Amino acid sequence: MTDEHHTIAESSHAGEHEPFLAHHFDTHAQQLNAGKLGMWIFLLTEILLFSGLFLIYTVYRSHHPEIFVWAHQFLDKTLGGVNTVVLIASSFTMAWAVRCAQKNQRRGSIVLLVLTWFCACGFLGIKYVEYKHKWQDGLLWASRFKPNEHEIEAIQKHYPDPGHVASDVENAPRNAGIFFSIYFAMTGLHGLHVLAGMIAIGWVLRRSIRGDFNSQYFGPVDFVGLYWHLVDLIWIYLFPLLYLIH
Amino acid sequence: MAETAYTTADNDSYLTHDRGVLSWLFSLDHKRIGVMYLVSILTAFLLGGTFSTLVRMELMYPNKPAESVVAEKTLIPREIFSKDNYNKFFTTHGAVMIFLFIIPGIPAALGNFVLPIMLGAKDVAFPRLNLFSLWLWWSGCVFFLLTLLFGGLDTGWTFYTPYSTSTETRVVPAVVGAFILGFSSIFTGLNFIVTIHTLRPPGMTWFKMPLFLWSLYATALIQVLATPVLGITLMLLGVERVLSIGIFDPKLGGDPVLFQHFFWFYSHPAVYIMILPGMGIISELISVFSHKHIFGYRFIAYSSVAIALLGFLVWGHHMFTSGQSAMASMIFSALTFSVSIPSAIKVFNWLATMYKGSISLQTPMCYGLMFIFLFGIGGLTGLFLGALATNVPLHNTYFVVAHFHYVMFGGTMVAFLGGIHYWWPKITGRMFSEFWGRLAALIVFTGFNLTFFPQFLMGTHGMPRRYYDYSSLALEHPEIATYNFLSSIGSLILAVGLILILIYLLASLFNGRPAPANPWGGATLEWQCSSPPPYYNFKSPPTVDDPYDFTNIHYDPEIRGYIKTTDNS
Amino acid sequence: MPCSQLYSTSPEHDTPGYETHVHVVPLWVLAAVFVTLLAMTYITVAATWFNLGNWNLYIALGIATFKAALVLLYFMHLRYDNPFNAIVLITALLFVVLFLSLTLLDTFQYQGDIQSWEETRGSIQAK
């Protein structure tokens, strides 16, 4: 099957005011290229922002592996896995939405953007459940790490391997709360980015409904898509690092 | 046949095109945004300078006189402020100067105005993002003001843990302010990179770009790569204060040296954000005021990018005495020597440019020459600090303070002043008084050296920085009291010089001679449009030539400016 | 590719009517990538059912990187875009590696000091 291409004009018609073509750009192609480069540079800054947290993870896991091995059972692999699938699906619907915008398929892009948005809601919903369990069990960041003060039976219900839970709560390694500091910092910052992404998707959805986009001008959908894929990419690494510690 | 300088029809310029405060606050015109930045940033400079003057006044005399001397009469009281207030003053001086003034400084205030015109473009790539950057600066400024009003900050601008996680002062609003300012910086850098990549006119290849643009490009690279790490550092510090997550707190299992790695990974490259645009200005000034093609264009261009990249490899040289391992310290010390090389290359090329040039010592050139001298001293003293063995006794002494003031003030600020004077006619359409310009430059030079040169000596004699009182040290080393006194007098002279600059520049807005399009004889594109430029910059894309070719640029005494003639004239 | 050919407006693009081709990713490619991502997710979870020591971590990261590559190349169309965008991404990753490696090296070097202090002075109760 041959790849599809479609053409966008590199030249603007003399004197005609093109809607959504900024005055300092000569053509839609120039505007699209500039916007895309701008978004990739923004993604570069996001990668460097998260890099600090990945560094902290690496430092503490390298020097205190016992904390990480101990803590992994308090993260529900099933919920984490479902969240991973949800985000991957949202990336698929987002990429498809961009494709629809490129091909002038307004209804398609609207439906897919809505689906993406609901996937994001689902992700945050599952995270809410996880966070609630942690709060109820005292499995919080370092200064509030107090699982000993909670009912063991209640804690056991929340996690898939109740057998180990009881003895492990008693025998937490020193400074075990650091794991949860890292967990909340990483998933918390990621969650904020999901929220920001939902706002951006909402904005692009509104513009799609208004009919702003066509095969000549679809940049904003493309750029929000790139941002959304980055949110997915970060989770693709967070999931094994936090949930799949053996 | 001589071509007249490009002038606007019907006297409409970017200043008059739209009227009203809202037309400025919501303007998407890079020139207006640049002017608003210039006013804001210079106001921040005055604020930061006020605090440094207070610090120097406190340090003019040791708090207790030497016992062998009958208590002598002093010009001002020995102890003016409490030690807690003193800590807040030097912290505020540092934080305001660094985050509000010098990091945004040249790129935001001059770069925004000049870059698109010098490039031959109608605006930056993302004008709305540009305005947003300005609003973010203002927001960050508000948070800093809130910090000041509600108790101040006393951690030093470096926010080291564990003190910053436990002090009672207003760390959180300061950290929020710095975070917001970081994003202002990131978005400016992003904008400049995309502008330079995508909005160059036909004929403007990378190696036809003026060197100021190369320096802004290299600066922008650092802004987008380094600042996010500051972002996460400040975020973690803020969360630590509010929630005690313990990442940097040893009591909870955290690591305070790790904080310093995080902090300096940004803050060392940040100093190259500060100096690179200044160096770019100097390349322009030296060439134009020597009426000679810049020597070694490609070397200077490449050295800008080299400084940007090498600057990321050396951050540990701020941490030699902090608990960093010997192995890491040795690696960082060795790497630090590499970053001096491209800076030296620039200095040699500037000197070679001047050689056999026809030098005019107008005010911008005074600052250009001042830069080479003062930055030379500052840069060379950095070598003592980068070398591991000599760093250990000098760390946290006034030697460090003198070094960074020579490069930041004697370097960046002097270049900023040079740039302001150079582009003042273009931005405002007025000429300033050359007499007052040169006189103020002399006063600034004198005041600066009197303030900071003694500080090198203070440092080698052992005076620590950030100290409220040095009485016990002055007992054993009475020369330290002399150096401090001289330094404080110098700071007053410096203040006089700077205020003088403010006065005559403001006066020029009312009394200054209307400026021709090209008062200095520059060959870069901004001198082809009128002073001040029309709001659309260029009616049609300008012809791109060698930006340092002055052969067709001649002085016209009638307009008291330069015009570009064609080859046949 | 020299920078001047990346992202610059060069004279030939000024001729009226000159058009650029923008690649639209075929739907079957998007779907195939989606299915592969799901499969790799299952595999990475399944790998934790076996105890392979340090290899568990390397396998998990390797699979994550493979998934990331698919997202980058196809969903984010790096494969079809101006190569400079990929350079931007690679630059980000290089600087992350720089930040992590030198800092980690330092923390490894001074862990010994921390541990010997803890042994001689006794541990502080974590609250």
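How many residues does the contact take from chain C and from chain B? The contact (heavy atoms within 4.5 Å) takes 20 residues from chain C and 25 residues from chain B. This is a predicted model, where local features need pLDDT of at least 70 and side-chain atom pairs count only at pLDDT 80 or more, while totals for chains, interfaces and linings use all residues. Residues are numbered from 1 along each chain as its sequence is written, chains are lettered from A in the order in which they are written, and side-chain values use heavy atoms, with hydrogens and water left out.

Now for the area. About 2,100 Å² is buried between chain C and chain B, 73% of it on carbon and sulfur atoms; buried area is the accessible area (1.4 Å probe) that two parts lose on being put together, summed over both. On the chain C side, Phe95(C), Phe99(C) and Leu102(C) lose the most area to chain B, together 27% of what that side buries. As for salt bridges (a side-chain nitrogen of Lys or Arg within 4 Å of a carboxyl oxygen of Asp or Glu), the count between these two chains is zero.

Next comes the backbone. Most residues other than glycine have a negative phi, and most peptide bonds are trans. In chain B, though, the bond from Thr161(B) to Pro162(B) is cis, with omega near -5°, and another cis peptide bond joins Ser531(B) and Pro532(B), with omega about -10°. Asn537(B) is not a glycine, yet has a positive phi of about 65°.
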